[in-house]
Amino acid sequence: MLSSPRPGVHLLHLAIAALALTNVALARPSPRYFNKRGVTERELVQARTEPHSLPERDVNSTIDWSPCAQDANLTCTSITVPKTAFYIAQNYFNSTKGTSTIALAKLASSAPDEAKLGTLFVNPGGPGGSGISFMVEAATLVSALSGGLYDVIGFDPRGVGASTPRIDCFPSTLEFNQFKANTIIEKGSDIPPDPFSSAGFTTLVNQQTDFEANLAAWYAVCSANLDLEDLQQSGTSTVVRDLNFISNLLGGEDARINYIGFSYGTIIGAYMINMLPASKIGRVILDGIVDASLWVSTPTFTESAEAVQSAETAFQWFLTDCAAAGPTGCALASSNSTARSIQHTLESFLDDLFTTPVPVIDTIRPGFLNSGLARAFLYASLEQPGNWPDVATAFALALAGEPKTLYEQVILPFNTTNDLGDTSRQAVSCADTLLPSPKQTTSEFLAREVQKALKVSPHFGGSVQSLEPDGGCQFWGNGQKAQGTFTGPFNASLENPILLVSNTADPDTSLKNGVQLHKTLGSSSRLLIQNSPGHTSQQETSSCTQLAYASYLINGTLPESYTVCELDNPSFFDLPQTNNASAIATVTAFAKRVEEEALKRFLS
């Protein structure tokens, strides 16, 4: 895999980057929706006339924290929750249909008791990301950002990781790996040189037929091997109800929920601040924002065009930075390279792979490097600028006739362990999003949706489903939503305004989403903008952004909305010693142009 990032990079990005190939949060449009009982979830919760009672709370009366197997500096436990988690007034904990468990990992506050500020929950995204794994990588960094004043707790949502039951459709991880091997799910979608021609469209149609057939088979395995109730209860609505229950259990019913969510974790946060009473919401940071109103009200096929709103900007940052670094800093560059010439080299390489995939035999899993795989890897790399030098090297080697390094970034040896759950992501997205109509499931219709995404991002609009194998929800379970699935609205009035953070060149969750949520929440939020590529602000170091995090978490102080934070270093390659000033000026000028164009595009 890719080597460690350059020295000085803020390491919180490591835990987020670990999810990069599978956990891009996506956006999807919606008016106000109601549940089947005719009232909104927020109205239902706020209409309670009695305290939240827990008839079976004795099952959690003693919470035993013990050292985590992954990191003895953390303590772990699990909380028992009802299998069916529809919040009907005081009857959340109704275990007549059984129970589930939610796994937690905690880094205890280092502050004296009188200075502690309670619990700070964190979620790294996904959907399907493990809060336990995130804590192992990033707990000390989150604690440092928050002054050590909180017990920092990560959790594995239902169906994920150490929580039970886990959404594992296949009998073993090996069988799941074998199912995906050399299919479009693993190898990615090949985008023809001209996807808008008749022949190009036919290629897209055939690939959509292939993709949907694979999903149908995958989900049939799920239906055969899993309990329908577990599938229906894996959605974000249930995650929020579980989080509220856990907060009450650990801190009492008056405890406010403090929370940091990245990527899909911002969906959890958006649900939470709207499902629960304002009196339950503490200090909340949502970073790398997905538009929750879109998420709940359109099918997953809309995600591609929404996800890539800023992908081309991130790609141009990569190219400009590489050209400025020259051959000593970027393996794709020559002494006279420009961003445009490097782009042309990569485009020609991807087009050649479309017509002539390259065999790779000197590896644990012999196969071939195709255009879809290489393009998806390039797209995924835009999420992690700290790895750009290694990405450039992998492509340079492939261009020189040595494709093994690039191939092995994505085609990994079969493993026998799965720490998350083989289908936990799809369980969440299909539980949350709108089911497609019959006409929206045809290959021709879906191919046109890919074309829409390619108009937004010509290089990566066809690669989203390679990173986000969502879709096919018509094959999922019995096609019915769980009772009480929350569908908005998302315009809560809060007692404590929350902090929203978006990058100007996030390839997956654009500034557009942060602006939209801020406008929806009004005075209940502040929007901080980080001028950088990468997925979420924590991919790279901005002292300005880190200070905003710390000031809010420690003192409750929020920045002015639309404050722009620059990176401490806008270059991700080692710039040449000769002509260094010129190279720095080039990258700095490009970053400033990105900022100006993003503000004009998304704030106007």
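Cys-430 and Cys-473 are both buried in this predicted model. The two residues are joined by a disulfide, with an S to S distance of 2.1 Å. The torsion about the S-S bond of Cys-430 and Cys-473 is about -85°, and the disulfide is therefore left-handed. Cys-430 belongs to helix H17 (residues 424-432), whereas Cys-473 sits in the loop between helix H19 (464-467) and strand S10 (498-505), so the pair ties together parts that are 43 residues apart in sequence.

A disulfide also joins Cys-169 to Cys-222, where the S to S distance is 1.9 Å. This link is right-handed, with 100° about the S-S bond. Distant parts of the chain are linked by the pair: Cys-169 is found in the loop between strand S5 (151-156) and helix H4 (173-180), and Cys-222 in helix H6 (residues 198-225), 53 residues apart. Cys-169 and Cys-222 are both buried.

A further disulfide is formed by Cys-68 and Cys-76, whose sulfur atoms are 1.9 Å apart. The link of Cys-68 and Cys-76 is right-handed, with 105° about the S-S bond. Cys-68 is buried, as is Cys-76.

These pairs are among the 5 disulfides found in a search of the whole structure. When the bonded cysteines of the chain are numbered in sequence order, the pairing reads 1-2, 3-4, 5-6, 7-8, 9-10.

Conventions:
Residues are numbered from 1 along each chain as its sequence is written. This is a predicted model: local features need pLDDT of at least 70, side-chain atom pairs count only at pLDDT 80 or more; totals for chains, interfaces and linings use all residues. Side-chain values use heavy atoms; hydrogens and water are left out. A disulfide is a pair of cysteine sulfur atoms within 2.5 Å. Buried means under 20% relative accessible area, exposed over 50%, partly exposed in between (1.4 Å probe, protein chains only). Helices (H or I, at least four residues) and strands (E, at least two) are DSSP runs, numbered from the N terminus.
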